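Hello,

Here is the structure I said I would pass on. My notes follow below it.

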Amino acid sequence: MILAWLILIPFLGGILAWLVERWGAIWTRWVSLLAVALDLGLASILWFHAAGRFSLSSSGPWLVSLDRAWIPEAGIRFHLAMDGLSLLLVLLTAFLGVLSVAASWTEIQERIGFFHFSLLWVLAGITGVFLALDLFLFYFFWELMLVPMYFLIALWGHENRLYAAVKFFLFTQLSGLLMLLAILGLYEIHGRQTGAYTFDYFRLIGTRLPPQTAMWLMLGFFIAFAVKLPAVPVHTWLPDAHTEAPTAGSVVLAGLLLKTGAYGLLRFVVPLFPGAASAFAPVAMVLAVIGIVYGALLAFAQHDLKRLVAYTSVSHMGFVLLGVFAGTEIALQGVVVQILCHGISTGALFILVGALSERVHTRDMRQMSGFWTSVPRIGGVTLLFALASMGLPGLGNFIGEFLVLLGTYRVSAPLTVIASIGLIVSTVYALVMVQRTFYGPLKERPPMADLSGREAAMMAALVAAIIWLGLYPQPVLDLAKAPLDRLQERGAEINAAPGASAAEAPLRTALPLDNHRSEVDR
Amino acid sequence: MTAAVPMENGLLLAAVLFVLGLIGVLARRDIVFVLMSIEVMLNAAGLAFIVAGARWHQPDGQVMFLFILATAAAEVSVGLAFVLELHHRFKALDVDAASEMRG
Amino acid sequence: MLSLLWLVPALPLLGFLVLTLVGFRLPRLGVAVIGVGSVALSCILAILAAASLLMAPPASHSYTQILWTWLRVGSFAPEIALTLDPLSLVMIVVVTFVAALIHLYSVEFMAGDESFRRFFAYMNLFVASMLVLVLADNLLLLYLGWEGVGLCSYLLIGFWYKDPVNVAAANKAFIVTRVGDTAMAVGIFLLFTQLGTLRIAPLMGRAAEQWPVGSGMAVAAAALLLGGAVGKSAQLPLQTWLPDAMAGPTPVSALIHAATMVTAGVYLIARTNVLFTLAPAVQLVVAVVGAATLLLAGCSALVQRDIKRVLAYSTISQIGYMFLALGVGAWSAAIFHFMTHAFFKALLFLGAGVVIEALHDEHDIYKMGGLRRQLPLTFWTFLIGSASLAALPLVTAGFYSKDLILWQAWSSSIGSAWLWAAGVLGSFLTAVYTFRVVFLTFFGDAKLQVSKKPGMAIRIPLVVLAVLSVVGGFVETPRFLGHASLFTELMRTTLPAASEAVGRAGDELTFDIIAASVMLVGIYLAYLVFLGSPRRFEDVARAPSVAALRRFWFAGWGFDWLYDRVLVQPYVWIAHRDRNDVIDQSYRGIAWLAAASWRTLSRTQTGRVRWYAAGIAAGAIIILAIVVFRT
């Protein structure tokens with residue numbers, strides 16, 4: 001049940017937060033904070049549990065699971081399960097959840113109840129996405145997180161918010177429908193083959209598919225995840241949505257929503273369609289490399305500080321796409337680290353930009369200059385995270401990018417070299433961002449307050465996290481190892497027998513159906 | 001009955017009446033005349049039914065005509081209500097004046 | 001003692017953390033004590049560690065201390081581990097010693113600066129990164145230090161951030177070196193993928209086992225690492241950032257952009273000398289790059305007016321010598337020159353700092369003069385440093401190190417007369433530009449009033465470095481002068497000795513006399529032109545072709561202009577043209593299409609009942625027609 005609680009806490013917390021608004025805004029804020037903090041505590045308990053488990057035995061990658069009937073007529077089950085990968089992402093969700101509630105403490109002054117309700121429901125939806133192992137349930141959560149996100153942008157956003165919200169919704173919704181079609185197609189094919197109509201991940205994973213069909217279904221999933229990621233050329237919703245969203249919205253968007261795309265690639269695209277995915281890999285990797293360089297180029301050109309940070313996401317998530325489709329162990333581990341570090345560093349940058357624009361009431365860098373003089377601490381922390389996002393060793397992003405590139409080199413040296421150019425162009429935008437904002441002469445302005453206690457605490461947590469991941473990422477790598485090994489095995493088996501059958505081989509051995517239940521739920 | 005008017009002639013008359021009515025609907029701007037033209041069209045359709053019923057020796061044609069009569073009566077009452085409302089609102093009987101739903 | 005090795009980089013890092021996190025509570029004195037003390041302690045520890053390594057050398061001649069495993073993914077398991085061997089030993093002792101002196105100097109030099117604490121924090125971070133770089137046991141940790149020093153260089157060049165010029169220089173330095181760093185990163189990918197480890201010692205062993213001499217992999221790996229080295233060490237074609245880097249405070253120029261960081265490329269190549277031996281083509285490139293750079297930079301140094309820019313170009317030129325040495329396999333000669341260069345170049349920069357400070361931030365040597373009497377200590381130390389830089393025979397450290405390089409450029413089996421000639425020509429240029437500065441600054445008539453005399457914190461480093469600039473060379477002397485070879489002996493276990501070509505031996509004394517006389521001619525020429533009778537040469541200087549050449553050299557051979565046109569401007573242009581993202585425009589195109597068709601179709605909804613009726617009629621007719629005529 002602990003998994004269900006992970007989702008239910010923000011879900012119920014959101015409703016409660018809305019209800020207590022009548023007693024005063026401060027109640028709403030504290031209830032929300034409490035709910036996400038509780039979630040974080042729960043996830044941390046699971047983490048300790050996991051750390052102990054790995055040392056004890058290596059029986060299957062699934063730490064906890066929950067499997068109840070939901071709509072048995074259609075073969076839909078309420079099936080949640082957690083392995084190392086989803087645990088990491090749930091931890092990130094709860095961590096950034098706490099931060100995004102804290103970041104909205106003074107920024108949001110209107111419709112406070114509904115805001116926190118939406119925020120917590122987005123978090124609940126995202127947590128569900130990371131845990132669901134029934135494809136229908138997965139799609140349910142996938143859609144669940146969109147609607148409150150739409151409200152977050154459309155109601156509390158900046159000047160051009162409606163345009164951004166509609167754009168966001170259209171992109172994600174259309175691509176989500178493609179995924180729904182692919183899910184239904186898979187469901188139908190599996191049902192016809194075996195007579196058992198089910199949305200269960202573990203059963204569908206063994207479906208035999210002709211390569212052509214597998215490719216089409218894979219594309220359905222891939223497009224949905226590529227839009228979320230986002231990959232070039234379907235990235236254009238992101239800068240608008242990020243720029244217009246309130247700080248918490250940007251943090252959740254960049255830190256978590258994009259990660260659902262990465263997670264989907266790892267959890268669904270590659271395991272469900274390994275053959276099609278490896279056939280498609282060259283295309284995806286080229287797109288990834290284009291994204292890395294092109295995103296950085298666009299980031300460099302922006303005047304809007306928030307838009308700049310938004311475009312860096314395109315660049316960074318290119319590394320994720322590259323690593324997933326390179327598929328080597330090192331690259332996949334790099335992907336996991338990159339996912340976490342991008343969440344932390346970009347989340348931090350959005351919070352900082354939010355804090356800054358709350359003080360100067362503009363996001364236009366042409367009107368900024370020399371802020372180091374008045375707010376040196378904001379400057380210092382921004383510099384640190386700008387350095388993180390250009391991949392400075394010692395900070396987490398370096399580990400991610402380095403591992404991805406190192407793992408990709410074995411697969412394709414030319415693409416690695418081009419992707420490495422991303423390291424240069426990211427330096428350009430990161431330095432230019434700091435230069436235009438914090439350096440230079442300070443123009444006449446009313447004095448600004450440096451980091452407040454609340455902001456300083458948030459930043460301390462983020463800085464500690466990014467340095468920890470940069471100097472000792474081993475706990476993360478250990479957690480992700482089992483799920484990624486499984487992915488590897490699957491890829492290896494497909495590659496080992498490419499000519500043995502045109503259809504994709506079912507893989508009972510790598511994914512035993514029985515041993516993913518754990519004692520926790522009994 | 002064999003010496004009766006051939007069916008073709010009857011249908012032709014109905015068609016001519018229908019087209020006259022249609023032209024009236026399209027060409028007249030006064031709503032009263034438009035309504036009258038619609039009546040003509042309805043009756044043209046009714047005539048066609050009767051002719052066809054006579055040709056096949058079936059009562060259905062006449063049943064349909066009664067049905068059309070009833071519909072026409074209803075239509076007229078609604079139509080006249082529109083006329084009053086139109087006059088009340090636009091101080092005119094011009095149908096083109098009531099084009100508030102243009103895109 | 002060796003087990004305390006980790007403290008050598010950890011102490012400056014601790015200093016940085018203390019200054020950053022709680023430093024705002026400290027008074028200036030406390031900041032100075034922590035800033036200088038951490039580096040000084042680190043220096044003492046480094047010397048102790050060095051002593052214990054030399055007293056009781058382990059069997060492998062190196063000591064490795066593993067702190068923790070950084071990360072482990074399959075077979076990729078780089079560790080945070082430090083290795084002390086003779087090469088890194090020389091590096092850490094020189095780095096910490098020079099750094100401690102420069103920190104001490106900075107206490108007085110930066111005393112009036114509002115960002116006193118920030119300065120020492122960055123400086124401490126730099127020292128820590130540099131020590132990690134030279135102590136790193138594997139290439140990944142080396143890369144961490146490598147980027148760390150790059151970061152500190154950026155932070156300190158842009159230290160006075162209120163002036164956009166300084167910030168632009170800082171950005172330029174970081175971005176240009178990052179180009180090289182990226183090549184190096186790709187080299188690391190290649191080495192790990194091919195050889196399966198990043199620990200330097202096994203890596204070199206495996207490379208020698210698996211790759212034949214001249215194999216493609218070895219060439220690629222060496223070339224990529226060379227890319228990193230030329231970026232960090234400001235060699236052709238990535239040398240353009242160093243002259244601009246003089247925007248930083250003078251102690252920074254002394255420590256980072258002269259004595260330590262810029263020689264990291266030399267260290268890297270020496271450290272991975274096996275790869276370069278396996279790739280003779282790349283090693284030749286190293287020599288040629290060194291020779292070309294030392295000449296180019298020497299010419300540019302001749303015509304600069306800013307005293308710090310002269311020294312910057314001379315640094316580029318001297319590192320060119322080190323590259324030349326590396327390129328001919330004279331590994332230990334390169335490191336020897338690094339050591340003496342660290343002493344005398346730091347000294348020169350510190351002296352220049354005193355001069356600039358004394359003259360109200362005046363950098364132009366043509367506006368200086370006659371400081372000999374007003375700043376006697378500075379004059380004498382600067383003179384010693386200049387003599388050492390120009391390699392005044394017998395009495396200066398620079399002579400012994402440069403002599404060794406020139407001799408081995410000739411005598412090495414992969415050396416050549418051309419490389420030797422370039423080196424000798426370079427030493428002529430060195431003598432001219434060095435004494436040009438000395439004569440213009442310290443001799444002649446006083447043009448500006450001296451406002452500030454150096455105190456003890458500045459005098460001590462100057463004197464100590466001056467002494468070292470003289471005696472630092474006596475550890476390694478030519479055959480005809482006692483043939484001391486302490487340095488080469490020390491390096492023997494780490495760096496292979498230069499192989500002498502058979503039949504090219506010649507007489508070392510003859511070559512030394514040639515080089516020395518060329519250098520003395522250079523000093524005399526500088527005396528004639530800039531002090532003796534400058535009038536006579538003014539006409540020559542004004543001739544159009546000479547003036548154009550001077551402008552060309554002044555602008556650093558037009559590299560900045562070229563890169564600006566070829567790389568920077570196109571990039572900026574494309575970025576700004578595409579600010580709104582052409583891909584997004586295509587989606588907007590779809591949206592516009594939808595809107596346009598909506599407008600068109602909505603025009604048919606006129607609101608006129610009669611039109612609708614006509615539409616219905618027309619539609620009915622068309623459908624009927626289709627039904628009737630289709631059969």
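Helix H2 (28–55) and strand S1 (63–69) of chain C are the elements that give two or more residues to it. H2(C) gives the most, with 3 residues.

Some terms. Helices (H or I, at least four residues) and strands (E, at least two) are DSSP runs, numbered from the N terminus.

Housekeeping: residues are numbered from 1 along each chain as its sequence is written, and chains are lettered from A and ligands numbered from 1 in the order in which they are written. Because the model is predicted, local features need pLDDT of at least 70 and side-chain atom pairs pLDDT 80 or more, while totals for chains, interfaces and linings use all residues; side-chain values use heavy atoms, with hydrogens and water left out.

**Chain C**

C:Leu4 is partly exposed, at 33% relative accessible area. (Buried is under 20%, exposed over 50%, partly exposed in between; 1.4 Å probe, protein chains only.)

Strand S2 (residues 79–84) of chain C is another matter. 6 of its 6 residues are buried, so the rest of the structure largely encloses it. C:Glu79, C:Ala81 and C:Thr83 point one way from S2(C), and C:Ile80, C:Leu82 and C:Leu84 point the other way. S2(C) pairs with S1(C) in the antiparallel sense, over 6 bridges. (Strands pair if DSSP finds at least two bridges between them.) C:Thr64 stands opposite C:Thr83.

Overall, chain C has 27 helices and 2 strands. Of its 631 residues, 58% count as buried. Its C-alpha atoms fill a box of roughly 120 × 60 × 60 Å along the principal axes.

**Chain A strands**

Strand S1 (residues 64–71) of chain A runs antiparallel to S2(A), joined by 7 bridges. A:Leu66 stands opposite A:Leu80. In S2 (residues 76–82) of chain A, 5 of the 7 residues are buried. The hairpin has 4 residues between the strands, and A:Gly75 takes a positive phi near 70 degrees.

**Rings**

The whole structure holds 68 aromatic pairs over all chains. (Rings of Phe, Tyr and Trp, its six-membered ring, pair if their centres lie within 6.5 Å; planes under 30 degrees apart are stacked, over 60 edge-to-face, the rest tilted.) One is A:Trp30 with A:Trp105: edge-to-face, 5.4 Å centre to centre, 80 degrees between the planes. A:Trp105 is buried, at 18%.

C:Arg118 has its charged end over the ring of C:Phe159, 4.5 Å from its centre. (That needs NZ of Lys or CZ of Arg within 6 Å of the ring centre and within 35 degrees of the ring normal.)

Best wishes
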